[in-house]
Amino acid sequence: MSRTPLLIAGAFNAEERARLEAAHSSTYVAGPEEMGALDDETRAQVRAIAYKGHKAFGGDAMDHFPNLGVIANFGVGYDAIDVSAASARGVKVTNTPDVLNDDVADLAVAMLLAQSRNMIAGDARARTGLWAKEGELPLNRKASGSSVGIVGLGRIGREIADRLAAFKMDIHYHARSEKETPGWTFHADVVSLAQAVDFMVIALVGGPATENYVTREAIEALGPRGVIINISRGTTIDEGAMLDALENGTIAGAGLDVFLNEPNIDPRFAALDNVVLQPHQGSGTVETRRAMAMLQLDNVTAHLEGKDLVTPVN
Ligand code: NAP
């Protein structure tokens, strides 16, 4: 048995880190770039890495650890980790699916409503005295009863669709395969989906296979009443084309939790008044982050005790 079998790597908060440290003898680094600076003896002892963050974690970083067996990711999206490189080295990757579905779906719906009901401007009007000076907000837009297209009807996409069905919305979706969803309309491609709906919610996995999956053509096909909600990853949409469309009025607006180059997002977003922007906080509640931390720890412990992983990816 190695003395320090766990490496904790990434942007954990104090509670998350303390829980891992209490469970297993561990060493901490800020991220993949710092892994090479650990001494040889420590690196040889590491059998599991608890990882949190969006910095690329590739094969070079894995090669620092000759006895590494598992990388347990904090989060369902593991696009930062090179899973092919891990598999090639016999390293298992785990993630934290399902426990965050509700929160991410809630935030998607919150952004959709905030965008369509112009709640950011409404808040400013109520709190700054503009209401007394200029009167009511210009009328905004009805969300209930409209049509929505979900891009990626997986665990989170389905929770979003279920919520929006309760808002009496006509549900359309695109995924790689058609689902058993009576009353909902499947589209074989994103352009056809965009043409059919007012709101488009992106709930795809991230990573190279879905890069720019929502193309300029699909964005333009949404039309001038179209609103994009993205809770997936900044990479899944052609961000430059979306910014052009938001600036030109080609589409009506957007609600976005994810961006390219987080946290240093494109300054063009800040100049727009038809967007609701969130700092990648889809799973960011006390309850859900705790559940994610527990699932990550369960995976680490399972590996270190020679048991089956709880939520393996590869
Ligand atoms: P999931 O259950 O795996 O669903 C992913 C969806 O993406 C599925 O509908 C799948 O299609 C589709 N998809 C996967 N690969 C594809 C490809 N190559 N081409 C086209 N479609 C593809 O994942 P989930 O648990 O719902 O999570 C979705 C994503 O949400 C995560 O990967 C993560 O990036 C993001 N997320 C964001 C936050 C946040 O804080 N904003 C929090 C959690 C997760 P099929 O149904 O046909 O398989």
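Is Glu-239 buried or exposed? Glu-239 counts as buried, at 7% relative accessibility. Buried here means under 20% relative accessible area, exposed means over 50%, and partly exposed lies in between (1.4 Å probe, protein chains only).

The model is predicted, so local features need pLDDT of at least 70 and side-chain atom pairs count only at pLDDT 80 or more, while totals for chains, interfaces and linings use all residues. Residues are numbered from 1 along each chain as its sequence is written, and side-chain values use heavy atoms, with hydrogens and water left out.

Glu-239 sits in helix α11, which covers residues 239-248. Helices (H or I, at least four residues) and strands (E, at least two) are DSSP runs, numbered from the N terminus. Glu-239 touches Phe-259, Leu-260, Asp-266 and Phe-269, with residues up to four places away in sequence not counted. Contact means heavy atoms within 4.5 Å. The side chain of Glu-239 also reaches the backbone nitrogen of Leu-260, at 2.9 Å. Gly-59 is 180 residues from Glu-239 in sequence. In space, the C-alpha atoms of Glu-239 and Gly-59 are 28 Å apart.

The chain is divided into two domains. Domain 1 takes in 6-99 + 287-304, and domain 2 takes in 101-277. These bounds come from an automatic or database domain assignment. The C-alpha centres of domain 1 and domain 2 lie 32 Å apart. Eight residues from domain 1 and seven residues from domain 2 make up the contact.

Between them, domain 1 and domain 2 bury about 660 Å². Of this area, 40% is on carbon and sulfur atoms. Buried area is the accessible area (1.4 Å probe) that two parts lose on being put together, summed over both. One salt bridge is counted between the two domains. The term requires a side-chain nitrogen of Lys or Arg within 4 Å of a carboxyl oxygen of Asp or Glu. Asp-79 forms a salt bridge with Arg-233, and the closest N and O atoms are 3.0 Å apart.

Four residue pairs are in polar contact between domain 1 and domain 2 (both at pLDDT 80 or more). A polar contact is a pair of N or O atoms within 3.5 Å; within protein, one must be able to donate a hydrogen and the other to accept it, and residues adjacent in sequence count only if both atoms are side-chain atoms. The side of domain 1 that touches domain 2 has three nonpolar, three polar and two charged residues. Ala, Val, Leu, Ile, Met, Phe, Trp, Tyr, Cys and Pro count as nonpolar; Asp, Glu, Lys and Arg count as charged; the others, Gly among them, count as polar.

His-24 lies in the loop between α1 (14-23) and β2 (26-29). His-24 counts as buried because its relative accessibility is 13%. Leaving out residues up to four places away in sequence, His-24 touches Leu-6, Leu-297, Val-300, Thr-301 and Leu-304.

The peptide bond from Glu-262 to Pro-263 is cis, with omega near 0 degrees. Pro-263 is in the loop between β11 (253-256) and β12 (275-277). Asn-212 is not a glycine, yet has a positive phi of about 50 degrees. The loop that holds Asn-212 runs between β9 (199-202) and α10 (216-222). Asn-212 is partly exposed, at 37% relative accessibility. His-280, also not a glycine, has a positive phi of about 45 degrees. His-280 lies in the loop between β12 and α12 (286-304). With a relative accessible area of 21%, His-280 is partly exposed.
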